[in-house]
Amino acid sequence: MANTYTWSYPQLDTAPTEGDLSDVIKTIHWRITAVSDSEQDADNNYLSASMYGTTGVEVDPDADFVAFDSVTQDWCKAKVLADMTKTEEEVQAQLDAQIAEMATPSIVGKVPSSW
């Protein structure tokens, strides 16, 4: 099973000004989605799993401030992973496990046929 992973950052919350700085990022809204290239559901849709959340950003204007228009998605990913205290590989492994569980569930809901 090979999965593809896509990170997205639908919104960055900013403080309009903070001291001499402008558009200071305070919160990163993020999502990572994994899509299987082999496992499908009953309707032949490829299985997918995702994680999402927010990450607060503390900025030291003397050390790590990045101007808003210079922020990259890699910068956002680094902040998110640091906040999660996980590597990208660990996050991908969690999503892989979710897809594997969907493909071959360890628990299945059923009722007896006589009901």
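Strand S2 is joined to strand S3 (residues 46-56) by 10 bridges, and the two run antiparallel. Strands here are DSSP runs of E with at least two residues, numbered from the N terminus, and two strands pair if DSSP finds at least two bridges between them. This is a predicted model, in which local features need pLDDT of at least 70 and side-chain atom pairs count only at pLDDT 80 or more, while totals for chains, interfaces and linings use all residues. Residues are numbered from 1 along each chain as its sequence is written, and side-chain values use heavy atoms, with hydrogens and water left out.

**Strands S2 and S3**

- Five residues lie between S2 and S3, which form a hairpin.
- In the turn of this hairpin, Asn44 has a positive phi of about 65°.
- His29 stands opposite Thr54 in S3.

**Strands S1 and S2**

- S1 (residues 3-18) pairs with S2 (residues 21-40) in the antiparallel sense, over 13 bridges.
- Opposite Thr6 stands Thr33 in S2.
- These two strands also form a hairpin, with two residues between them, and Gly19 in the turn has a positive phi of about 60°.

**Residue Asn3**

- Asn3 is located in strand S1.
- Asn3 has a relative accessible area of 13%, and is therefore buried (under 20% relative accessible area, with a 1.4 Å probe and protein chains only).
- Its side chain makes a polar contact with the side chain of Asp96 at 2.6 Å; such a contact is a pair of N or O atoms within 3.5 Å, and within protein one must be able to donate a hydrogen and the other to accept it, while residues adjacent in sequence count only if both atoms are side-chain atoms.
- Leaving aside residues up to four places away in sequence, Asn3 touches Ala34, Val35, Ser36, Asp37, Asp96 and Ile99 (contact means heavy atoms within 4.5 Å).

How values were computed:
Helices (H or I, at least four residues) and strands (E, at least two) are DSSP runs, numbered from the N terminus. Buried means under 20% relative accessible area, exposed over 50%, partly exposed in between (1.4 Å probe, protein chains only).
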